[in-house]
Amino acid sequence: MSPLAKGTVAAAFDGLGPVEQVRGNRIRLTTTPGQVRDALTKALRELACDHVIQISAADNGKTFDLIYHLTGPHRTVVAIAVELPRDRPEISTVSDLLPPAGIYERQIHDLLGIVFAGHPGLKRIILNEDWPEGEYPLRKDWKPDPSKFYGGVREGAQ
Amino acid sequence: MAEVVVPIGPQHPALKEPVNFKVVADGEVIVRLELDVSYNHRGIEKAAEARDFVRVVPLLERVCGICSHSHTTVFVKGIEEAMKVDVPPRAQAIRTIVAELERMHSHLLWLGVAAHEIGFNTLFMWTWRDREAVQDMLEEITGNRVNYGINEVGGVRRDLKPAVINAALARLPLLEQRIATYADMASRERTMLMRFQGVGKLTKQQALDLGAVGPTARASGVDYDVRNDDPYLSYPDVPWKVVTDDHGDVFGRTLVRVGELREGLGIVRHCLENLPGGPITTKAPRAAPRAEVLSRYEAPRGELVHFIRTNNTDKVERLDIRTPTLANWTSVAVSLVGQNLADIPVIVAAIDPCLSCTSRITVVDREARRTRTMDWEELRAHGIRFYREKEGS
């Protein structure tokens with residue numbers, strides 16, 4: 001299967017947002033959180049994407065970026081990028097459309113505190129079980145609170 | 001018979017690294033399994049944000065002890081893309097040689113571990129002895145047996161002298177012969193056939209649906225290999241082919257890995273014989289411009305991804321690592337269902353899990369499709385009820 005052309009991807013994602021070709025085999029759609037499931041369904045059905053490479057998550061200081069990287073037999077990396085507001089970082093889950101995404105969503109939830117609505121079990125997976133609630137270490141404004149206990153062995157404990 | 005929960009790990013004689021399995025079994029048959037691999041979380045992604053590009057490379061080398069070269073190569077490759085630096089061909093070839101030697105020592109190690117899991121310790125001793133030859137080559141080429149320290153942003157840190165090239169080439173014929181022996185054994189040896197065939201079956205559709213990567217996916221007929229799909233280093237210039245198999249079980253995964261040993265040896269030989277001349281490094285700028293790179297790499301265990309964001313400084317703004325073991329756990333949870341308890345070690349070993357890599361971020365999959373969900377309290381209540389009934393009180 002030959003690589004996807006930018007035009008093909010733009011046609012499939014028509015009405016969802018701007019499409020750009022970052023380099024040779026990287027094509028990226030920027031869309032809104034509300035349309036992410038639409039975009040993903042189109043990528044799976046119309047662009048034959050069958051493998052999720054990664055859901056990259058980053059804190060850019062003002063908002064949270066989520067980028068879903070997909071590929072398929074055409075070997076082109078199709079990325080779907082959305083921005084989530086800091087005060088209400090919530091987006092609907094895609095784990096029902098793409099089962100491997102479930103793990104990645106839990107990981108992002110644990111480290112950045114983004115809520116994936118409709119996820120069947122958004123429980124702690126990365127951080128240790130005694131890590132305090134509501135502390136998201138990969139947020140840029142996160143600082144360890146000296147009065148809190150972050151797990152492991154307590155200093156001075158008998 | 002009622003179901004029982006069998007906890008295994010995090011410290012257990014059958015496991016090489018800390019992981020906790022809660023296996024729900026009905027008699028000898030596995031019904032469901034939960035994993036907890038958070039025991040090795042070290043916060044490396046956060047630590048990487050605080051170090052400049054010179055000092056972050058040794059840190060990333062230590063994400064994993066087996067695929068240390070994978071983590072540094074995928075990172076420097078991404079930074080070089082962000083900086084728009086062209087790496088000299090000689091450096092690319094040296095990185096390719098180390099990468100393939102790393103794949104070979106990793107696959108030989110895996111073959112030994114798999115043999116050990118089925119109680120075939122003779123094969124375990126043989127493969128680990130032959131792995132020493134690969135380690136010796138790595139030591140001669142890079143100066144180290146593990147954590148090679150060969151990569152830097154812009155090139156490699158050590159050149160290959162003719163004496164080293166000749167010594168490495170001289171070691172290859174014996175290794176080639178040993179690999180041929182293992183290929184023959186993997187497809188004919190009775191113990192291996194009995195324990196590997198039909199165990200941990202994963203169809204092509206399942207492998208795709210569950211996002212399996214690397215030899216696990218390629219043994220189910222999925223021909224994804226980043227070296228071919230998104231070419232990097234010297235792979236486009238070297239003759240080699242993607243190894244796939246259609247068996248989909250541990251037997252298939254063994255054949256794929258043995259095939260990759262052979263291909264890896266061919267790549268190493270080609271690169272050593274046709275090593276381009278010229279410098280081994282270019283002067284890279286201290287800082288990287290604002291950029292965002294998704295750097296992909298075919299590590300021994302499968303596709304490794306570093307998502308890198310730079311912001312005009314000499315540090316990364318964000319480094320998001322997705323390791324192959326993370327992608328493969330979902331498929332393990334599914335391929336274990338319906339199998340015998342006794343097959344757990346070999347099925348888990350078949351994806352070649354690397355927990356240091358993975359639990360830097362981690363995993364569990366309680367939502368894997370086709371597995372029934374039951375929370376911990378329910379299980380506990382169930383266990384208590386089961387034993388009450390059994391004891392007749």
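Modeller: Let us start with helix α12 of chain B, residues 324-336. Its 13 residues reach 18 Å from first C-alpha to last, close to the 18 Å expected at 1.5 Å a residue (the expected span is 1.5 Å times one less than the number of residues). This is a predicted model, in which local features need pLDDT of at least 70, side-chain atom pairs count only at pLDDT 80 or more, and totals for chains, interfaces and linings use all residues. Residues are numbered from 1 along each chain as its sequence is written, and chains are lettered from A and ligands numbered from 1 in the order in which they are written.

Colleague: Where does α12(B) bend?

Modeller: At B:T330, by about 30° (the angle between axes fitted to the seven residues ending there and the seven starting there).

Colleague: Is α12(B) mostly covered or exposed?

Modeller: Mostly covered, with 13 of its 13 residues buried (20 or more other C-beta atoms within 10 Å of a residue's own).

Colleague: Changing topic, how do α4(B) and α11(B) cross?

Modeller: The axes of α4 (89-117) and α11 (250-273) of chain B come within 9 Å and cross at roughly 155°. The two helices are therefore roughly antiparallel (an angle over 145 degrees).

Colleague: And which residues make that contact?

Modeller: Among them are B:A93, B:T96 and B:W110 of α4(B), and B:T254, B:G264 and B:L272 of α11(B) (contact means C-beta atoms, placed from the backbone, within 7 Å).

Colleague: How many residues of chain B are in contact with chain A?

Modeller: There are 31, in contact with 27 residues of chain A. Strand β7(B) gives the most to that side of chain B, with 4 residues.

Note on methods: A residue is buried if 20 or more other C-beta atoms lie within 10 Å of its own, exposed if 12 or fewer, and partly exposed in between; C-beta atoms are placed from the backbone. Axes are lines fitted to C-alpha atoms, for helices over the stretch in contact, and angles run from 0 to 180 degrees between N-to-C directions. Angles under 35 degrees count as roughly parallel, over 145 as roughly antiparallel, 65 to 115 as roughly perpendicular and the rest as oblique. Two residues are in contact if their C-beta atoms, placed from the backbone, lie within 7 Å.
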